[in-house]
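Me: I have a structure open and want to learn how to read it. Where do I begin?

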Amino acid sequence: MIDLRSDTVTRPSAAMLQAMAAAPLGDDVMGDDPTVIRLQEAVAERAGKAAGLFFPSGTQSNLGALMAHCGRGDEYLVGQLAHTYKYEGGGAAVLGSIQPQPVEHAEDGSLPLEKLAAALKPEGDPHFARTRLLALENTFHGKLIPASYVRAATEWARQHGLATHLDGARVFNAAVASGKPVADLCQPFDSVSICFSKGLGAPVGSVLVGSAELIAQARRWRKMLGGGLRQAGVLAAACLYALEHNVERLAEDHENARLLAEGLRGIPGVEVLSQDTNMVFIQVEPALCDGLTAALDAQNIKMRAVYGGPTRLVTHLDVSADDVRRAARAVADYCSTVAR
């Protein structure tokens, strides 16, 4: 099967499963699982931070960070289309009593400084929530957020007494695409959530990195959120394997996304909108959407052609160059048949 719906659909390789089965284990709630400790230390070192904390998911890792940075009645500034605001169940508000202040994105995915300034609440005025945190992403629809913007935005935040958090779900894609060390991308932020269940191919797992003090607070929130796992080394071993074997190969996913975009260009009824890192966005004519999705599904090619908006296609370690060529041919065959 060729599954282009997301890079979260990967299956653990035989070698990853072997690493999971052989992992030394302890009790991570008690802080003595050696594989979890090794993972946390390795990720913190790679990110240039003092400490790390293993979470079952990126959603929980982000929420743990927000709750460590903000208290009840505080707010954080965040993009209107950012994952922590739009796609994580409203957890900051529901579970953290933290008010999100969404800000409209610029075309490149950044949050314009003038819009951030307009959203910042006056210090000490009881009419308003207390602005405490700026949360950013470093890829948006696969597109790298410019490093110059990240520096400017985090400096602006510090000037106004705000902490900074990076939802680094695909920070390794950003590092490979930019040619910069992960530590350089993490350096401007007080905390970073790094996900292993997307392009790196682990079945679950994220690591939150930051100062020792922040991670100590996040550990308490993790327990309260139900993320305190016992023999979590079974899962951490998959993340360690991914860290050691699956980072540099992300360049293959980026190249396969380029090949996919190239193969889809010029097909009647399909418009390639963009291709960045491992993501391709296309617009499919509404009359073709259901038929195209079904036709591809019949050939064991998974994608969701959607109405009224772009369709996202994502390459990953379970998709080869031959797979993307086959997928592009299948789209072309269907569209040309309908056109006739």
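**Reading an interface**

Reply: Begin with the interface. This is a predicted model. About 1000 Å² of area is buried between domain 1 and domain 2, and carbon and sulfur atoms give 65% of that.

Me: Why give an area at all?

Reply: Because the size of an interface is often stated as the accessible area lost when the parts come together.

Me: Which residues belong to domain 1 and domain 2?

Reply: The domain assignment gives 14–245 for domain 1 and 249–339 for domain 2. Their centres, taken over C-alpha atoms, are 30 Å apart.

Me: How many residues of each domain are in contact?

Reply: Domain 1 has 13 residues in contact with 12 of domain 2. Now look for salt bridges between domain 1 and domain 2: the count is 0.

Me: At what angle do the axes of helix α8 and helix α12 cross?

Reply: Roughly 80°, and the axes come within 9 Å. Angles of 65 to 115 degrees count as roughly perpendicular, so α8 is roughly perpendicular to α12.

Me: Which residues make the contact?

Reply: From α8, take Phe172, Asn173, Val176 and Ala177; from α12, Leu250, Ala251 and His254. Sort them by type: 5 are nonpolar, 2 are polar and none is charged.

Definitions and conventions
Residues are numbered from 1 along each chain as its sequence is written. This is a predicted model: local features need pLDDT of at least 70, side-chain atom pairs count only at pLDDT 80 or more; totals for chains, interfaces and linings use all residues. Side-chain values use heavy atoms; hydrogens and water are left out. Axes are lines fitted to C-alpha atoms, for helices over the stretch in contact, and angles run from 0 to 180 degrees between N-to-C directions. Helices (H or I, at least four residues) and strands (E, at least two) are DSSP runs, numbered from the N terminus. Angles under 35 degrees count as roughly parallel, over 145 as roughly antiparallel, 65 to 115 as roughly perpendicular and the rest as oblique. Contact means heavy atoms within 4.5 Å. Ala, Val, Leu, Ile, Met, Phe, Trp, Tyr, Cys and Pro count as nonpolar, Asp, Glu, Lys and Arg as charged, and the others, Gly among them, as polar. Domain bounds come from an automatic or database domain assignment. Buried area is the accessible area (1.4 Å probe) that two parts lose on being put together, summed over both. A salt bridge is a side-chain nitrogen of Lys or Arg within 4 Å of a carboxyl oxygen of Asp or Glu.
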